[in-house]
Each structure stands twice: as C-alpha cells, then as structure tokens.
Amino acid sequence: MSGQEREHVGFTNTQWDHDPRVYRRTSQCDRLCVDIGSHVAETPSPDVSHQYTPKCLSAHKGGTTPCHYGEEVWQDGSSLRTTIRAENEVEANKLANNYRFGFRKWKSHVTERPIEDRSDIVRELYSELNFVRPQGSLITCGNIAYLILFGWWISLAYLLVCVLMFLTIIGVPYGKLCWKLSCYFLWPFGKSILKPRSLVRRCCVKFPHCEAIPEESDSKEVKESTPLLMPPSVPIEVPPQRTRYWCRVSTYVWLLLGYPLLGLIHSLACFLSWILVFTIPVAKMNARTLAIILLMPPEDVHIHRLKKPQGCDSQVLLCCYHAFNWYYYKYTLDGINVFAVNLLPLVITTLVVGYVDTENQFVSSEAKFAAAVSSIIPLSYYIGMGIASISAQSNFAVGAVVNATFGSITEMTFYITALLRGHKAGTKCYEEIVKAALTGTLLGCILFIPGISMIIGGFKHREQRFNSRSAGVSSALLFISVGGVFAPTLFSKAYGSLVCAGCSSSQANTSGPFTCMDCHYDMSGSNEPLYLRHIEPLVYTISVLLPSAYLIGLIFTLKTHSHIYDIQVSDVHDHHQGQCPPGGASGGHGTVHWSRLRALSVLIMATLLMAACADLTTEHIKPILDHSSISQYFIGVTVLAMVPEIPEIFNGIQFALQNNISLSLEVGNCIAVQVCMIQIPLLILFNTFYDVGFVLLFSDLHLWASIFSVIVVNYIFMDGKSDYFQGKLLCLVRIAMPDITD
C-alpha cells in the first residue's frame, strides 16, 4: 500500500471515529483465526504452518461471503476443517482451550470488543438515548406494554409533584416542568428533550448538517476549531445574563420537595425495567432523567416532537423510540452478562433467608429449595468466566491446573455436600439422589443437548452436516466411559445374590412352584464377600483407569499428535499483508475484562457461595420428599441434573444457530466424558479418604437407560447429517427417561 493510500485510509477512519453517530465498519478478515479441525494427509508435513489456510482469507480471495464463527469447510468429503475467528490472541487461546479441556459454562468473551466491530443490533444496545435517527412505527407491542407497566404511574407521579410545586408558588417554574414531563413520560416515543445551545454559529460550523447536537460533543474542540473556519466578520451571539442556577431559592425548594419524590419514582422504574432485561431502554431513560434533566434549570428543558430536523441550536438530552428490545440478552457490564448481574441479588437473598430463617417460619422449604437451585445458574456463570479468564491469559500448565481444579466444581460441590448430609443423617436417600443426578447428567448431555440443538438449528438451517468420523471417535470414547462406570453394576448383577422379600406356595397346590415377592439382586455393600473381594477392587481399578485414559487423551491431542487436530493461532493481518482490506482492527492481545487476580478472587468467592447454596439445596430436599409425591429419582434425574447443565444447553443452541452443529454435539460429549472420567473417580477418591458410604452401584433402570442412550446417539451420528426430526427423537427419549427411572 502506498503512502498516499495509507494517509487517505487513516484520514477516512479518523473522520468516522470522531463522529459518534456513524459506526465504522471494519473488515471481517482482519482477525486472529483459530483453525481447529481434523484432516487426513498422506504425507504429514513437519511444518504445520505452511498447511494452514484461514477460512476468512480463502473466502476473501474467492470473492465469497466472509467467514462466520465455527463455519465448517468440506473439502474432499473425508476431510473437515473448522475455522473459528477470534478478535485477539487471548480470545483465540480461550477457544483453543475448549478443545483442550472441554467447554466450560457460559464461556463469554474475556476481552473487550470494540463497539465499532459489533453488529448494528449490538451497537444499538450500548448507545445512549440522546441521538436522533430515522424513526419507524412507534406503535409497537413493547411501547404499549410500557404504557401499561410504567407510563401511567410515572406520569401520575409528575402530576402530583406538579400540584405540589404550584402550591409552593416559588416553585412554579418546576411545576411547569413537571407538567411537561408528565405528558412526556406517558408516551415518550417520537419525542425528544432538548437543551438550547448558546453558541449557535459555532455549533453550526462544527456540525453544518446536523439535526441535533449530541450531548457528548466537546465544546472546547468547537471553540478551538472555530477561528480557523469562521470568517472574522461573523458575530458571535452571547446568551442573555440570568440568575445562576444554584443561587435561586426555587432550586432548593425543588431539591427538598420535588426531586426526592421523583427520584424515588425513577429509581423504582429503573430497577423494575432493569430486572426485566428486555426493557433496559426504559431503565436508561429513567436514569438519564434522574441524573441530568431533573438537575437542570427548568427553562433549559424543551420537549419537541421529532417531525422536523431540530437544527443546530439545540442539544439532545433524551430521545427514545422503543421501550422493548429482544436482543438485550446480549448486554454485558464489564464482560458480565446482564442476567448474571440481575441474578446475583437472588444468591445473596437466598443465603440470608436460608441461614437466618432456619425454622421455616417465613419461607417454606419448597421456596428455599427452588431459590437455592436457581442460584446455581449465576454462580456457574461466574465460575466459568473465572476459569476462562485465567486459562486464556496463562500457559498450558496453569490452564490445565485451573480447569482440572474448578472445571467440575459446580457438580462436585453438590455431590459432596449431599453425601456428607446423608452420612450425617444415616440414610441412603442422599446417595441415591447423587447417583440419580449423575445418571440425569449423562442422559442430558448425551440426548437433550444434541437434541435441542438439532431442533433449533434445524429450524434455521434445513440440514446441518458434521464430521461423522470425528463424532464417531467421541462417541466411542463416551461408550467406553459409560461402560467403565457401569461395569461394577454389571458385575454385581452377574454374580450377586438373589434376595426376595418373601416366598410362599399356593394353598390349593402345595407341591406347586413358590411365589416370591420383591425379588432383586443384592448390589449393596451388605453382601460383604462379593463386595470386598471383587466389586470394591474393580471400583478402585476403574477410578484409576478412567482418569488415566482422560490424561492420555489430552497428551495425544495436545502433544504427540497435535497435528491431527491442527490447533493454530495465526494473525491474518500480519502474515498475509494486503490480503484483507484496510481499516480493520489489527490483532494483538486485547484488553481483558478480568485480570488474573480478579478472576481468581471471583472464582474463589463464587465457589464458596456455590458450596453454601448446595448445602441449602440438600438441606431442603428431605422435607420435599416427605411432604410430596415427588420421588428422589425424579429430583435427581430432572431437577438437580438439568439445572447445572443449563449453560451447556445454551452453548449448544448458540453453536447450532451459527450452523456449527459439530460443536453442539461436542459440548454434550465433553461434559458426559468428564462426568465419567473425572467427577465419578473424584467421588470415589473422596469416599476413600472420608467414608460417606458411596458405592458405585446403580439401579437397573439407570444402567439400561444410560447404555440405551449411548447406542441411540451412535446410530444417529452415523450419517454425518442432522435435522430437527432427529433432534425431536433424542429429546423425546430424554423426556421419557425420568418416568422410566422413577
């Protein structure tokens, strides 16, 4: 690129950057690309970097559409290359860790993303309500819902304060302001609150074609640039002199009588609309009014309808078009999703009420149980973000330690807490709940996550393809894992003693066969000869072999045969100069939301809160079982197994919507393999050092349900194609499982 071209590009980008109303579009090619996939080569090259061709680069060369996240490239039918774009090296490292250690819960972006690189929809979420733009229809369901939920009582509050200000006589200007704002907040859409500009000529020099000057415009910059552009003969208008705002008696009357009441109203409206998430524009409007408009002189506040351009003599303070936006589920604060922020008070309230009201005088056990289970969701988000932030900024060794230590902390905290409570109470009920939760987690990861991903992805994409060979490898590993976990159960069924509650013969035919009731194989530790000599050594052997197989798999994919998966990070802009159009954001490390110290602090705090919530959950299970018809198996298989897996469900759906069904399938397989190869051996290890009576023997229904699920998934994954019909079958099998295992 020549020097003139670079200057021209830089000048253009500078112009666009200084105008806050215009969003600069950057190239999708100027990113760091993580190439993650598997391919078969006849002669592997020792230099893997020469084999690497980013998808975004090849798409740009061929003139095709830019690459998308997780887009799969089919080359010759037997080779699959999956390319995932990342904005910087930290994000690329985080994405690579998905394949190293499995998909963590709620893995969001760990670095700040420039707002100009986001889509138009996302940029609108973070925009301030102080810009005039072309308006569409203002009569929408969301705006009507605003009128019903917020508009009428906010307007009524302003009317009451208006009457109060008129009664004080000295506060008449503020009474007029309250009347105008009462009409405004009843239906604020299509209206704008403006502030008059005193430097009319100077503003028009800076913004010659503006509709209204945004609030963030820098008056100092205008003042410095005006003498260079304005003819010296043009006079400058001077605003009329008036009493200073803080020297008026009416200001203090307003601050004592009117502002506190309206502050309470706006705070309540802001809180309610923020909690609803999708009405965050209403929260922004109330916060902006409380912080800016109500603290201004009343004569400076003007309300106009947006029918004509306002010109350069006014500054937009507030302008709202829609009160409802579905896309606010993507909204984040300092990298934290808005739902996790809103659910954090639930965690604090649950812990306070749970440990203060120990006698259930104010809140029932059922309500405490539901609140404690719901609190797991935001805490799992913070744990996942902490793990992702630390591992993305660290080397492989630190990332492996953090993922191995905290990767399954959500489930392990509940399992250990339940086993301790059951051991203390001297009952096997909690042990059966833990086993049911383990089985439910396996069924959910094997059946429900791929199934719901296929259904939702199939609605958007008619047919989705994935590498059947790669899925076959994952399914084979899953089959071995499940077989290893249930091997003691199969052994006990083959060699266990048949126990019956009672046997009797018919009175009419005493020589006939006996009729036995409640016959089953003794699979508990009470059968000491079988358990001590055969089953217990088998359990310990499996608890050593399964983690060893997991560790060998990591070494195989990351060290000795890393070229098979071809995990690479390449800076397209640096290594392929001139291939992508200029003006894009360069690579680099990016600015992380959470430093390693902050992420570690959040991780430890969230783990402690998770332990407290797990303790409350197990404490209030027994009253529910005693006073309701719900069985312990249903609670374990459905409630306690599915709630911690909600993040994985959302991850799978997100990948499926991006036409990357292979990652959706990988999410479920990764978690299921980790349950078998990490979580269950850890429970056995914990029982070895602190005997809580945990025996790795499952019921018959749990055994056959898990094996049947693995067989069904292997059958569906054979053709390498998926649609919503196959997903429906998987979900139907998963939904029917709680009734079978109950």
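**View 1. Helix α23, which covers residues 646–657, in its surroundings.** In this predicted model, helix α23 is built from 12 residues and spans 17 Å between its first and last C-alpha, close to the 16 Å expected at 1.5 Å a residue, where the expected span is 1.5 Å times one less than the number of residues. Helices (H or I, at least four residues) and strands (E, at least two) are DSSP runs, numbered from the N terminus. The buried residues of α23 are Pro647, Glu648, Ile649, Asn651, Gly652, Ile653, Phe655 and Ala656, and buried means under 20% relative accessible area, exposed over 50% and partly exposed in between (1.4 Å probe, protein chains only). These buried residues pack against α12 (365–392), α15 (429–460), β9 (464–465), α22 (632–642) and α24 (661–689). Residues are numbered from 1 along each chain as its sequence is written. Because the model is predicted, local features need pLDDT of at least 70 and side-chain atom pairs count only at pLDDT 80 or more, while totals for chains, interfaces and linings use all residues, and side-chain values use heavy atoms, with hydrogens and water left out.

**View 2. Asn659, in the loop between α23 and α24.** Just after α23, the backbone at Asn659 takes a positive phi of about 60 degrees, although this residue is not a glycine. Asn659 has a relative accessible area of 36% and is therefore partly exposed.

**View 3. Ile169, in the loop between α5 (141–167) and α6 (172–186).** Ile169 is a residue other than glycine with a positive phi, near 65 degrees. The relative accessibility of Ile169 is 64%, so this residue counts as exposed.

**View 4. Strand β4 (residues 191–196) beside strand β5 (residues 302–305).** Two strands pair if DSSP finds at least two bridges between them, and β4 and β5 pair in the antiparallel sense over four bridges. Within this pairing, Leu194 has His302 of β5 as its bridge partner.

**View 5. Strand β4 beside strand β6 (residues 314–319).** β4 also pairs with β6 in the antiparallel sense, here over five bridges, and Ile193 stands opposite Leu318 in β6.

View 6. Of the 742 residues, 47% count as buried. Among contacts (heavy atoms within 4.5 Å) between residues at least 6 apart in sequence, 80% join residues at least 24 apart. The protein exposes about 35,900 Å², of which carbon and sulfur atoms supply 63%.

How values were computed: Areas by Shrake-Rupley, 256 points an atom, 1.4 Å probe, with all protein chains shown as cover.
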